[in-house]
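Trainee: Could you walk me through this structure, one question at a time?

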Amino acid sequence: MSVHLILFLAFGIVAVAGAVNLLVQRHPINSALSLIAVMAALSGEYLLLGAEFVAAVQVIVYAGAIMVLFVFVIMLLNAGVEEQTKGSRVALLFGVPGMLLGSLLVAWVVLKHSGTEAVMAGAMPGPPKAIADLLFHEFLLPFEITSILILIAIMGSVVLASKPSVPGGGPAKKVND
Amino acid sequence: MVPLSYYLVLSGILFACGVTGFLIKRNIITIFMSIELMLNGVNLSFVAFAAHWHVLAGQVFVFFVMVVAAAEAAVGLAIIIAVYRTRETLNIDQVNLLKL
């Protein structure tokens with residue numbers, strides 16, 4: 001076993017364990033913390049793939065900004081333990097074995113038919129200069145469109161989360177009347 | 001050296017965990033986190049394909065996915081705050097105004 005495979009397996013096990021923990025935990029704050037663990041492990045995988053800049057952005061934007069937003073909302077709304085709802089028994093009886101069977105089939109097909117050529121770690125480094133070159137020349141229009149999207153999202157979240165008592169603001173006003 | 005298929009299987013596992021969380025969770029914030037998990041799984045396959053085919057565009061697309069995820073999280077959490085203000089609950093079973 002090469003060092004790369006060992007590192008891949010270590011990060012992968014952490015990621016999958018965090019994802020499963022997200023499902024198992026009943027308190028939202030525990031789910032949020034396990035999602036942060038998943039994102040950190042994924043940034044390790046990006047480093048193994050030679051995408052250093054993506055790995056750094058993953059930690060800064062995803063594990064930093066977005067998850068802080070989630071944790072902030074959880075704390076703000078004082079979210080408690082999730083209530084259990086009873087699911088259908090048929091879904092449990094047929095769904096879980098069917099899901100396991102389907103995922104095993106897909107994994108087998110992917111592992112069998114994708115050949116043996118390996119992803120060379122660090123074969124294609126993603127330096128910020130090359131990425132910026134691509135982003136500001138070839139993908140300039142999508143870049144500008146996403147900036148408009150961000151602007152609309154900012155305005156939308158301000159309108160949505162504003163107090164209903166503000167005149168003309170907030171969709172919650174209608175429900176309260 | 002790690003084969004490409006290993007990365008794809010890991011990405012598929014993470015996406016499947018996200019779908020499962022989306023379906024079985026009842027807290028609206030946790031459902032949002034499951035969506036983020038799905039996007040992360042997709043990002044992993046983007047980067048793996050970019051490294052495999054030696055095309056840097058895959059990494060650029062990861063940034064677009066991150067931007068969309070950030071916008072979606074901001075708007076979604078604002079909607080959650082608005083819903084909580086009117087319905088006083090985070091349980092998605094009790095937010096059934098549009099149900100027949």
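Mentor: Gladly. Helices (H or I, at least four residues) and strands (E, at least two) are DSSP runs, numbered from the N terminus. This is a predicted model, in which local features need pLDDT of at least 70, side-chain atom pairs count only at pLDDT 80 or more, and totals for chains, interfaces and linings use all residues. Residues are numbered from 1 along each chain as its sequence is written, while chains are lettered from A and ligands numbered from 1 in the order in which they are written.

Trainee: Does A:Pro97 count as buried or exposed?
Mentor: A residue is buried if 20 or more other C-beta atoms, placed from the backbone, lie within 10 Å of its own, exposed if 12 or fewer, and partly exposed in between. A:Pro97 has 10 C-beta neighbours inside 10 Å, so A:Pro97 counts as exposed.

Trainee: What is the separation of the C-alpha atoms of A:Pro97 and A:Ser162?
Mentor: Along the chain, these two residues are 65 residues apart.

Trainee: Which element gives the most to the side of chain A that touches chain B?
Mentor: Residues are in contact if their C-beta atoms, placed from the backbone, lie within 7 Å. By that rule, 70 residues of chain A are in contact with 59 residues of chain B. With 11 residues, the element that gives the most to this side of chain A is H3(A).

Trainee: Where does H3(A) bend?
Mentor: H3(A) has 26 residues and reaches 36 Å from its first C-alpha to its last. That is close to the 38 Å expected at 1.5 Å a residue, the expected span being 1.5 Å times one less than the number of residues. A bend is the angle between axes fitted to the seven residues ending at a residue and the seven starting there. For H3(A) the bend is about 30 degrees, at A:Met67.

Trainee: What do the buried residues of H3(A) pack against?
Mentor: Buried residues in H3(A) include A:Val54, A:Tyr62 and A:Phe70. The partners come from both chains: the buried residues of H3(A) pack against H2 of chain A together with H2 and H3 of chain B.

Terms used. Two residues are in contact if their C-beta atoms, placed from the backbone, lie within 7 Å.
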